[in-house]
Amino acid sequence: MWWHNAVIYEIYVRSFADSDGDGIGDIPGVISRLDYLEWLGIDAIWLSPIMKSPGRDQGYDIAGYLDVDPVLGTLADVDRLISEAERRGIRVLLDLVPNHTSIEHPWFGDSRTRRDYYVWSDQPNNWVSTFHIPSWTYDDREGRYYLHSYLPEQPDLNWWNEEVREHFDHILRYWFSRGVAGFRIDACYIIVKDRLLRDNPPAGPRDHLWDRNRGQRPMWSAYQPEVHDVLRRWRKICEEFAPPRLLMGATWVPELDELAGYFGAGDELQLPQYFQFLFAEFDPRELRRVVEAWLAALPDNEVPVWVGSSHDLSRFPSRWCDGDNALIRTGLTMLLTLPGSCVLYQGDEFGLQDTPVQTEDLRDLTGQCRDTYRTPMPWRDEPGGGFTSGRPWLPMGDVAACNIADQMRDPDSVLHNARRLIARKKALKGVYRPVEVCDEMWIYRRGDVRVTLDFREGGPSRTRVEGTIS
Ligand code: BGC
């Protein structure tokens, strides 16, 4: 299957390329850059949500699952994107947000569906939203509280309701029929909630950082066994299509055995995302531990997908490498030579760093200040960065210091290096075997190929991939 050894390129659509000068990236903008993506050699693009949304959480609050957000384009644009991408051997994955809708979704407007499709309680329990606010908001019309695992504008759907499940069956088939190759599924591990809405226990010292920060372990608000019924149901829908469609889950599941459970018996997600790189230091011993732990926990015949950067938790060229080009090459070499697939977040391929955003320019309305990792792509050194002819919706950062056009002209650039690694990755099939790790280096083999990762700051770097690829 193509996703067993693939580079999936995450496009944050609003910040990729703007075709109409309104300062916001859009789908025609993505189409206009497909030649670049083909040149880079990636296998698939995953688009941040493009469905109709009032944009309280930049598209992660959907008001129409079968409609395209007019700010980003039209359904015809999506069809054209799929066929133009296909012509270049690139598959298109969409982001599906099944845990919650927008408060503006017609289901929340209509009194019958509002009552039946969402999660209600007379008394709020102690659950705390991912955005660190109480998870319950009082609704005057119902005289009760509704649940929201994120913002009050993102009410959680009631996945115990068969009608909700049927709607999503239809949504999946609808997009798959249009040629979408699969979905990245947002927050899929939390969609089903404890029926009794029991209080979560406090987080303990052994809990993951993201639970400790929130002060509770989401024992009843997430990870319910019934989530797997839904995933199995969706996987069957994937298999109705030829070629079968892909489900890549945004699975913030700290226990590796539990995370491995999201593969099911080969009948759930094909790629549950493993996020531990986002919390790990750029230290050879630590990264090796993180990698080997997940490889050891993987069920037979399943592959990992590695994630170094994301629109939620910063770019690795800043977080790990502080902009040091030698270290960025090491990071890319690791991501692109480990077994399985990897997600590159737009900009990773040329070492784009987080961009500081002044308070008055912040556009993330959730209070999470994630704008610094969502600023627009610097295509060229010019005003608007080749991203837009208008005023970019977020600041561009220093486009002269780092842009694609300059790096394309330089065969020794981070970008060209990433392109060579991507080309090599396809042929890299041998199993992972550790050779050596010390304070500065991590060396491993993939069959006859030997990968040396150098973690020392500054050059000259000893990072390299050597040997014949069988
Ligand atoms: C997305 C976030 C979003 C949240 C709520 C996450 O998985 O990546 O950007 O704010 O879900 O939908």
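Helices (H or I, at least four residues) and strands (E, at least two) are DSSP runs, numbered from the N terminus. With that in hand, let's look around. This is a predicted model, so to speak of a local feature takes pLDDT of at least 70, side-chain atom pairs count only at pLDDT 80 or more, and totals for chains, interfaces and linings use all residues. Residues are numbered from 1 along each chain as its sequence is written, and side-chain values use heavy atoms, with hydrogens and water left out.

Start with Tyr 223, in the loop between helix H7 (209-214) and H8. Tyr 223 has a positive phi of about 60° although it is not a glycine. Its relative accessibility is 18%, so Tyr 223 counts as buried (buried means under 20% relative accessible area, exposed over 50%, partly exposed in between, with a 1.4 Å probe and protein chains only). Asn 301 is another residue other than glycine with a positive phi, near 70°. Asn 301 sits in the loop between helix H10 (284-297) and strand E12 (305-307), and is exposed at 71% relative accessible area.

Next comes helix H8 itself, residues 227-239. Its 13 residues should span 18 Å at 1.5 Å a residue, and the end C-alpha atoms are 19 Å apart, which agrees (the expected span is 1.5 Å times one less than the number of residues). Val 227, Leu 231 and Trp 234 are among the buried residues of H8. The buried residues of H8 pack against helix H6 (162-177), strand E9 (182-185) and strand E10 (246-249), where contact means heavy atoms within 4.5 Å. In the loop between H8 and E10 you'll find Pro 243, and the peptide bond from Ala 242 to Pro 243 is cis, with omega near -10°.

Now for the ligand. Its surroundings include Asp 57, Phe 131, Arg 184, His 311 and Arg 370, each with a heavy atom within 4 Å of it.

| Side chain | Distance to a ligand oxygen |
|---|---|
| His 100 | 3.1 Å |
| Asp 186 | 2.4 Å |

His 100 lies in the loop between strand E5 (91-96) and helix H4 (106-109). His 100 is buried, with a relative accessible area of 1%. The side chain of His 100 also reaches the backbone oxygen of Tyr 60 at 3.0 Å.

Lastly, there is an open sheet of three strands, in the order E6-E8-E7, with antiparallel pairing. Strand E6 (120-121) and strand E7 (136-139) stand at the edges with a single partner strand each, so one side of each has no neighbour in the sheet. Four bridges join E7 to strand E8 (residues 144-147), and two strands pair if DSSP finds at least two bridges between them.

Definitions and conventions:
A polar contact is a pair of N or O atoms within 3.5 Å; within protein, one must be able to donate a hydrogen and the other to accept it, and residues adjacent in sequence count only if both atoms are side-chain atoms.
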